[in-house]
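Please take a moment with the sequence and the structure below. A short tour follows, with headings to guide you.

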2 protein chains.
Amino acid sequence: MGHFTDETAPMSTERTTAQRQHDTLELLATHGRGWLASASPEGAAHLIAVSACWTGENLLIATRGDSPTGKNLAATRTARLALGDPENAVLVDVTVADQRRSGPGSGELGEAFLAAMGWDPAEEPGAWDYFVLRPVRVQAYRGYGEVPGSTIMRDGRWLG
Amino acid sequence: MGHFTDETAPMSTERTTAQRQHDTLELLATHGRGWLASASPEGAAHLIAVSACWTGENLLIATRGDSPTGKNLAATRTARLALGDPENAVLVDVTVADQRRSGPGSGELGEAFLAAMGWDPAEEPGAWDYFVLRPVRVQAYRGYGEVPGSTIMRDGRWLG
């Protein structure tokens, strides 16, 4: 018996698409920390820990505009986030829908971020930008047994 | 007072380079799960959960050769891993030192992986490859207060 199959486990231990979507929305609503992978146009991968504010439609993050991540997001307009942990993974492919400098001109982005996260990037050293990340594909799985059926959003549409 | 500074905290709460290196080596020795970010030559980021076997010098992982990660590693020969969690982060920039198909020809790589991880990728569906990932830079920090001084390996050499 292989590592990825457990024929003794009842099927009911694997969540339905609707249950995975429910659990994922609950996780997103915690505005928790995760990991953001980006790439330079030349194919150099980068990865940082990030606080992800869920607006109900998008993930809102803040990072320095002159950081590797800031430059990658501006250049490639795409990224992939991991939330949860490897045993309860949510992976989100995103496109960059908006980028705005933190501070007085950030309007509702700054207000939403401050309300959810409790801090204002404009008060930190350096020039911080907000990035509005629109989910295109979402995968959710708890262990290898749930890898089949892990896609719960495709082309920006929830499947559950 | 900003989010990234806590002037009331005693300096002693921030670990020394040597302490971070000690803690990081302890974490690596658990052969735990983490996240691996890679990129296509065209700049598309990918991110997967991965089990990372620490050989004492390198991180040994297994993934399907025809997966996005397998293709990215073969093409760009570089990746970045996150181990621990966002509150106790270890970030490792690596180069791909070797790639070998799992199974009888995998020799000491397969033996090391099986001994540490308890499963044999050759028994799984698909063609799995081992990738030997050589650390080039390692950063370790617990919270923003430890971001300064987070680099504990540079150019492949431990600094602690």
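## A glutamine and its neighbours

In which strand of chain A does Q139(A) lie? Q139(A) belongs to strand β7, residues 128-141 of chain A; strands (E, at least two residues) and helices (H or I, at least four) are DSSP runs, numbered from the N terminus. With a relative accessibility of 13%, Q139(A) counts as buried, where buried means under 20% relative accessible area, exposed over 50% and partly exposed in between (1.4 Å probe, protein chains only).

Leaving aside residues up to four places away in sequence, Q139(A) touches R80(A), A89(A), V90(A), L91(A), D93(A), S150(A) and T151(A); a contact here means heavy atoms within 4.5 Å. With R80(A), the link is also a polar contact from side chain to side chain, at 3.0 Å. A polar contact is a pair of N or O atoms within 3.5 Å; within protein, one must be able to donate a hydrogen and the other to accept it, and residues adjacent in sequence count only if both atoms are side-chain atoms.

## Model and conventions

This is a predicted model, in which local features need pLDDT of at least 70 and side-chain atom pairs count only at pLDDT 80 or more, while totals for chains, interfaces and linings use all residues. Residues are numbered from 1 along each chain as its sequence is written, chains are lettered from A and ligands numbered from 1 in the order in which they are written, and side-chain values use heavy atoms, with hydrogens and water left out.

The model scores ipTM 0.90 and pTM 0.91. Chain A has an average pLDDT of 92, and 92% of its residues score at least 70; pLDDT is the predictor's confidence in each residue, from 0 to 100. Residues 5-10 of chain A fall below 50, and this stretch has 2 contacts in the model beyond near neighbours in sequence.

## Chain A as a whole

Chain A holds 3 helices and 9 strands, and from the N terminus on its elements run α-β-β-β-β-α-β-β-α-β-β-β. Its C-alpha trace spans about 55 × 35 × 25 Å along the principal axes.

Of the 160 residues of chain A, 48% count as buried. Among its contacts between residues at least 6 apart in sequence, 61% join residues at least 24 apart.

## Where the chains meet

Chain B brings 35 residues to the contact and chain A brings 36. Together they bury about 2,900 Å², 65% of it on carbon and sulfur atoms; buried area is the accessible area (1.4 Å probe) that two parts lose on being put together, summed over both. R33(B), W35(B) and L47(B) supply 23% of the area that chain B buries against chain A, more than any other three residues.

The interface has 2 salt bridges, each a side-chain nitrogen of Lys or Arg within 4 Å of a carboxyl oxygen of Asp or Glu. R33(B) forms a salt bridge with E87(A), with the closest N and O atoms 3.3 Å apart. Strands β1 (33-39), β2 (45-51), β5 (78-85), β6 (88-101) and β7 (128-141) of chain B each supply at least two residues of the side that touches chain A.

## An alanine that touches both chains

A82(B) sits in strand β5 of chain B and is buried, with a relative accessible area of 1%. Not counting residues up to four places away in sequence, A82(B) touches W35(A) and L47(A) as well as G34(B), W35(B), V90(B) and L91(B).
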